[in-house]
Every structure is written in C-alpha cells, then in structure tokens.
Amino acid sequence: MERYDVIIIGTGAGGGTLAHRLAPTGKRILILERGDYVPREKANWDPREVNVAARYHTKETWSDKEGRPLHPHTNYYVGGNTKFYGAALFRLRERDFGELPHAGGISPAWPITYNELEPYYTQAERLYEVRGTRGEDPTEPPARCGYAFPAVSHEPRIQQLSDDFARQGLKPFHVPLGIRLDEQNPGASACIRCDTCDGFPCLVHAKSDAQVMCVDPALRHPNVTLLTGAYVSRLVTSASGHEVTSVQVRRNGQDEFFSADVVVVSCGAINSAALLLRSRNDQHPKGLANGSDVVGRHYMGHVNSILLAISKCPNPTVFQKTLGLNDFYFGSTEWPHPMGHISFVGKLDAATLSAGAPAIAPGFTLELMARHSLDFWLTSEDLPDPDNRVTLDRQGNIQLAYAPNNEEGHTRLVAKLRSLMQGHSSCAEHGHACHQGFFSRSLFVGQRLPLAGVAHQNGTIRFGHDPKTSALDVNCRAHEVDNLYVVDGSIFPSSGAVNPALTIMANALRVGDHLTERLG
Ligand SMILES: Cc1cc2nc3c(=O)[nH]c(=O)nc-3n(C[C@H](O)[C@H](O)[C@H](O)COP(=O)(O)OP(=O)(O)OC[C@H]3O[C@@H](n4cnc5c(N)ncnc54)[C@H](O)[C@@H]3O)c2cc1C
Ligand code: SF4
C-alpha cells in the first residue's frame, strides 16, 4: 500500500485550495478525484448542451425522502463545482459568524469569529484574483486591504438599474467576481466577457476556478500527485477507531488502497457525509466520526429564486452578474428579520428558459422574454434542521431529505424587489410602464429538489467546540478520529445568505496552515 503524508479527497473549492496551500511544504501529497478534467470542447459554451441536455452533470441517481429518484445538478470534475460556478466570491458578513435570530428560528454561531477568518479571506481573494470595490456594499465586513483588481464594470442596462436603485435610496454595489477580465487591456485579457459563464465551464480557462488557480499550480510541485477517476468508497480505521489507516479507492474497476498520516475529506457536503456514513465500522457504528449523530444532518442549500423582470426595452447585457443589493440582508424598516441577498444569474437565453418552463409574459415568446429580461437571483438563509439530512438507502445510494424553512424573509425579499422595480422610471421611452412584471423560472423541473438546493450544499459535518453537537473541532479535525479532517462546505454551522465558495476557500487555507504546523 502506497503511503503519503497527506491524502486530499476532492478537488473543488475546499480540496483544490488546500492542495495549493500544502504543495510548497514538500510533503508527499496524494489528491484523489472521482471525476476527470472537464473536456475542452465547443459544447462548454453551448446553453442547449449545458442547461438542457445537462451534458456535464453526474448521471448518478439519488433519491428524496420518499425514495423518488432525484437527478442532482452537480458536477464531478477536477475543480469540482467551481468549474461551473458563477464566481461571485463573497465573504460572509461579520454578524453571520454570531448567533442571529431569524423569523424562522436561530441561525447558530460559528466556533470561530469573522476576525479569525479575515486574513484567510484576504488570501483567498488574492489567490482567486477576485475583482471588486470595497466600501459600496453596506453589509460588507471590515477588510484589511482592498481588492487587488478593479471591479468588473456594469454594462449600460445594468448601470441604469443601479442608478434607479440608488435614486430609491439604496446602495447597489459591484459583485466581487473571480473572472480574469482586464478591461484596460482587452486584447491581452484572459477573459473575453462572454454570456456563458454562470453554470458553464470556461472554454478559455479565464474563470478563477479551483482547477486553474489551485490544482494545476499544485501539480507543478513534484511532491504532489493527482489520480483522476478515483472514487473513494470507504475510509478504513485502526482497531481502536482513532485513526484512518487506509483509503479505499475504486479506479478502472479495481479497488486500490492508499494510506497517509493525514486524510482530508472534501467531496462536497453531500458526498463527504455519504463517505463518512459509508465508512461505519464496529468502532463507529453510526458512521465514521459520528458519535454525535450529526453527520449528514443540518443540510442547508439556501432559499433561492430566479426572477425574470421583463421590460418593454430589451436587455442586451452580455455579462449580467455584476450588480448586487444587500440593503435588506438583515431586514428592512418594516421587517426586522434577515431577508437576504439580491443579485443576478448569468443572462438567460431561450433554450435555457425552455428547460425551466417559466410562466410566459403576455404577448411574449421565450425568445422575446430572454431578450427583455433582467434575470435576478435572490438568496436567503435556510436554517440547520437536523431532519434535513443525507442518508444512504439499502443499496448505499444517497438519499436527501429536505423541507424548506425560514421562507418568510425570502417571500418578503421577492415582494420588496417587485415593488422597487415598479418604482423605476428612468426609461426615457416608457417611464414606469417599461416594467412588465415578474416571472419566476421554475427550478423544479425534472427533479424533486431545487437545483440551487444542491449547488449551495453545506452544513452536513458541522464544526464546533462540543463533540456532542458537532463532528469536527475548531481546526476541522474529527473529534473522534485523530488524523481525519474535512474542508468543504460540510463544515458550515450556518450558511448566511451569500454564496458559499469564498468562505470554503478561506477556511481551507486556514486549515492548511494548521496542517502545515502539525506535519512539521
Ligand atoms: C451552477 C453553479 C453556480 C454556482 N455559483 C456560485 C457562485 O457564483 N459563487 C459561489 O460562491 N458559489 C457558487 N456555487 C457553489 C460552489 O460551486 C460550491 O459552493 C463549491 O464548489 C463547493 O466546494 P466544495 O469543495 O464543498 O465541493 P465541490 O466543489 O463540489 O468539490 C467536491 C469534489 O469532490 C469530488 N468527489 C465527490 N465525491 C468523491 C469521492 N467519493 N471520491 C473522490 N472524489 C469525490 C467531486 O468530483 C468534486 O470534484 C455554484 C455552484 C453551481 C453548481
Ligand atoms: S471568458 Fe470570462 S465571462 Fe466567459 S466563461 Fe470565461 S471567465 Fe466567464
């Protein structure tokens, strides 16, 4: 059995970032990834292939609570889901780290403070070359320094919307983005500012994903090895159960075993929980590191909506994801509870709309709607409910139980945006009458759970101080297994209402520093 200093399982926001941090230590590192590289092909940027044919989604079938089949919109590739993400790279707000009362209950505190993670947020923003402007977002947490790159500019229709919001007394801001666009020097820019970014892999490798920014550079170190097509089926422990002694891998139809001083699980919140549950043994009868019985529980994925605001005037924006609005993140004058975050998805086209079966605006076809829509993305926090959980069915397949909660803030956020849009009057031709109304794009077609519920998966192996209520300690090490760590979205005790990836990256860097010290 080949022995390493560290084995990292998974190459997404957590595992890829950790590999980058540990590579220069010279320690022997084995990275195991079940997927392959995303093939570079024209289909990368084809909405029909990506959004309608689901070309890059796993073909695995999970099931919901009732055992009905569920086709998860998730991706198994080098770089994990960051290959497909919209690269909106937000810090959680400072108050998200404390206990926060919501209308639907309490959002629990993290075992670390914002200040403890702040230096790592800065490092993650540098590593992923985030573009942004400090000081615009009214809920932005304090940062030691500015962004290293200027914010991605708004196109005219989005700038008009930003001006409309500002006239209404709000504070629209530029979304921090990990796309490597150089607007001063377009000829040399890696990013060409295209309309197939959010949800698509970047054909020209200009998106700051975990493969391009972390895994590829880590592999330039001779001490780092990556095995693709390497599905980790089980972690095996010593007789005492106190350490992982080998990692069982299915590769090319064969079982192989590897061992390491430290084993880090980073398969994404659902698959990491499934791996620990699959690895149960006599010492860990409820699943590895699961004496607390929290592994798989408290699954969160945000309360999300895609809303199409249709105007008489067209929206010719190419890259739409530049504008955000957090004025109602912690509540409003009429509603004192957190409501959430407003921003955009990538510009939707008719093919993508046809897959989501939206209600059609009167007098519009799908093509016309796509040409005239502003495609908003609204995110609110869902709360960690122990019954929202990942389990395994009799065949060992993933089963996901999820009942939405804390929805009132989200409903109010939607109503708020609706009334704001009705108040916009800057259209020179139509004034107030330019706005035709809101149409939601269903996220539920062909599946039991909303797509975004899986895209923002987190919370299933929470970290904390108390081994009775958490599976991991403050360094993300399993309370019960000395050499086992988790660094993906599983660790979140609560999820805030901004996108999760930057927090996963920052935490992976933090754990990376701890591991560097531990390994000497
Ligand atoms: C369409 C889309 C848009 C998104 N947009 C944004 C955004 O704009 N901003 C943002 O912050 N977040 C966004 N997200 C979410 C973001 O991508 C995830 O939060 C992030 O990638 C999670 O990181 P992770 O390390 O937890 O897991 P992942 O990135 O999913 O990585 C897990 C890795 O583990 C591998 N793996 C799984 N099981 C095994 C196994 N048993 N053996 C070996 N390998 C295994 C997987 O193949 C994968 O490579 C988006 C997600 C999607 C799908
Ligand atoms: S070229 Fe730029 S906008 Fe297009 S997919 Fe790549 S990073 Fe995104």
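# Notebook: ligand shells, salt bridges and a buried helix

I began with ligand 1, where a backbone N or O atom of Gly80 lies 3.4 Å from an oxygen atom of the ligand. The model I am reading is a predicted one, and I keep that in mind for each distance noted here. I then looked up two further backbone contacts to ligand 1: a backbone N or O atom of Ala87 is 3.2 Å from a ligand oxygen, and for Ala501 the corresponding distance is 2.8 Å. Of the 1,000 Å² of accessible area that ligand 1 has on its own, the protein covers 95%.

I turned to ligand 2 and counted 13 residues around it, with Cys191, Ile192, Cys194, Cys197 and Cys202 coming nearest. The shell around ligand 2 divides into ten nonpolar residues, one polar and two charged.

For the salt bridges I searched the whole structure, which gave 29 of them. I looked at a few in detail, starting with Arg193 and Glu155, whose side chains meet at 2.9 Å, N to O.

I set the pair Glu66 and Arg68 beside it, where the side chains form a salt bridge at 3.1 Å, N to O. Glu66 is exposed, with a relative accessible area of 55%, whereas Arg68 counts as partly exposed at 36% relative accessibility.

Arg251 has a relative accessibility of 21% and counts as partly exposed; the cut-off for buried is under 20%. I also traced a network in which salt bridges that share partners join Arg91, Glu118, Glu125, Arg134 and Arg144.

I then followed one of the sheets, an open one of four strands in the order β4-β3-β17-β16, with mixed pairing. Its edges are β4 (69–70) and β16 (389–392), each of which has a single partner strand, so one side of each is left without a neighbour in the sheet. Strand β3 (residues 62–64) runs antiparallel to β4, and two bridges join them. Within this pairing I noted that Ser63 stands opposite Pro69 in β4.

Last, I asked myself how many residues of helix α6 (residues 269–278) are buried. The result was ten of the ten, so the helix is largely enclosed by the rest of the structure. I wrote down the buried residues of α6, among them Asn271, Ser272 and Arg278, together with Ala269, Ile270 and Leu275.

Technical notes. Residues numbered from 1 in each chain as written. Chains lettered and ligands numbered in written order. Predicted model: local features only at pLDDT ≥ 70, side-chain atom pairs only at ≥ 80, totals over all residues. Heavy atoms only, no water. Polar contact = N/O pair within 3.5 Å; in protein donor to acceptor, adjacent residues only side chain to side chain. Areas by Shrake-Rupley, 256 points an atom, 1.4 Å probe, with all protein chains shown as cover. Salt bridge = Lys/Arg side-chain N within 4 Å of Asp/Glu carboxyl O. Buried < 20%, exposed > 50% of the residue type's maximum accessible area, 1.4 Å probe, protein only. Pairing = 2+ DSSP bridges. Near = heavy atom within 4 Å. Nonpolar A, V, L, I, M, F, W, Y, C, P; charged D, E, K, R; others polar.
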